[in-house]
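Here are some friendly notes to read alongside the structure.

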Amino acid sequence: MRYRIPIILVVFAAFAAAPAAASASEMISRNATHVHLAVNRNNVALLTYQSEGRLHHTLAWGAVNARTPTRGMKQVSFRLDYSGGWGSRRKDVWRGFKNACGPYDGPELSYVVAACKAPDGSYWVVQKWRRLLPPFGLVPTFAQRAVEMHLSHWSGDLPEFVVKVDWVYERYDHLYGWLTYRGKGVYGFKATKYGAALDTWGRNVFVDTYDSRYGRGWKRENGFLTHRGSGAFCYAFYPHGNRPIGKGSEYRATVMGPGVIPILFWQGAAPGPYDAAVDDVANQEQRALFTNAKCRHK
């Protein structure tokens, strides 16, 4: 469902980017169905949904937008009450909850299951996606197939998430781009050697490939962190061990926005046959973008 909004090789461990440390368009539940979103005049959201065989009423409040990366601080995140109000207010707030959120008229987003516009003009959105699929088209386990449900709340402009395509070594497809918010890069300060963020700032970009040698349809290629400072990223479709090259006819990239900003999405065609003139223009842009030599320009 779509509403109106609009590389040097890194560690190949998309499954390692576990949900723990980094807050984001915040994950509320997994494999939720029959999702309903309501928001009152105090900007308290009520999510009603089915999960694990029962009905849930979850309250969320206290966060909007995001901070730019600042060492020693934490990113904004929701306060959550999974009891529907009893845990935080000693009463069942969900009973008789008065929705004041109107129709959504914001920018286009992917993966949306519910969205609305609050009386103060801010937006609330619920999105669902499979984040933890394994890399290189491998068959996911039950846990890796889980569909995460994320909640976001923001006002003003969304981050800039740009993905472009070219080649490396004149024969391998290559993606590069950047994730910035309010003119500054989105990145973290601490991560595992496998590329999983260990703070509330880091963001992984997840790339899927379409109709590749992994099989028909969309398959997960990999996940990788944005670069410290710039929020830039890059990725090449090189051979990976005994796995076939994941070159596809199309690619898509997904990233959780900083703070409680929504999940952002890009999709585009593969670059096609090598074109030296087009590649030279892309390489010039990358030389300016990747000043720390983390990505190959040719």
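1. A term to start with: two strands pair if DSSP finds at least two bridges between them. In this predicted model, strand E1 and strand E8 (residues 148–154) meet that condition, with four bridges and an antiparallel sense. One place to look is Arg-30, whose bridge partner in E8 is Glu-148.

2. Now for the sheet around that pair. E1 and E8 belong to an open sheet of four strands, ordered E1-E8-E7-E6 and paired antiparallel. Strand E1 (26–30) and strand E6 (112–117) are the edge strands; each has a single partner strand, so one side of each has no neighbour in the sheet. From one strand to the next, the twist averages 20°.

3. Please turn next to strand E3. Six of the seven residues in E3 are buried, so to speak "mostly covered". On one hand, strand E2 (residues 33–39) runs antiparallel to E3 and is joined to E3 by five bridges.

4. In the hairpin of E3 and E4, two residues lie between the strands, and Glu-52 takes a positive phi near 55°.

5. Ser-51 deserves a paragraph of its own. Ser-51 lies in strand E3, which spans residues 45–51. Is Ser-51 buried or exposed? Its relative accessibility is 5%, and buried means under 20%, so Ser-51 counts as buried.

6. Which residues surround Ser-51, once its neighbours within four places in sequence are left aside? Ser-51 is in contact with Ser-29, Arg-30, Asn-31, Ala-32 and His-56. With Ser-29 there is also a polar contact of 3.3 Å between the two side chains. Arg-30, another of these contacts of Ser-51, is the residue whose bridge partner in E8 is Glu-148.

Technical notes:
Residues are numbered from 1 along each chain as its sequence is written. This is a predicted model: local features need pLDDT of at least 70, side-chain atom pairs count only at pLDDT 80 or more; totals for chains, interfaces and linings use all residues. Side-chain values use heavy atoms; hydrogens and water are left out. Buried means under 20% relative accessible area, exposed over 50%, partly exposed in between (1.4 Å probe, protein chains only). A polar contact is a pair of N or O atoms within 3.5 Å; within protein, one must be able to donate a hydrogen and the other to accept it, and residues adjacent in sequence count only if both atoms are side-chain atoms. Contact means heavy atoms within 4.5 Å. Axes are lines fitted to C-alpha atoms, for helices over the stretch in contact, and angles run from 0 to 180 degrees between N-to-C directions.
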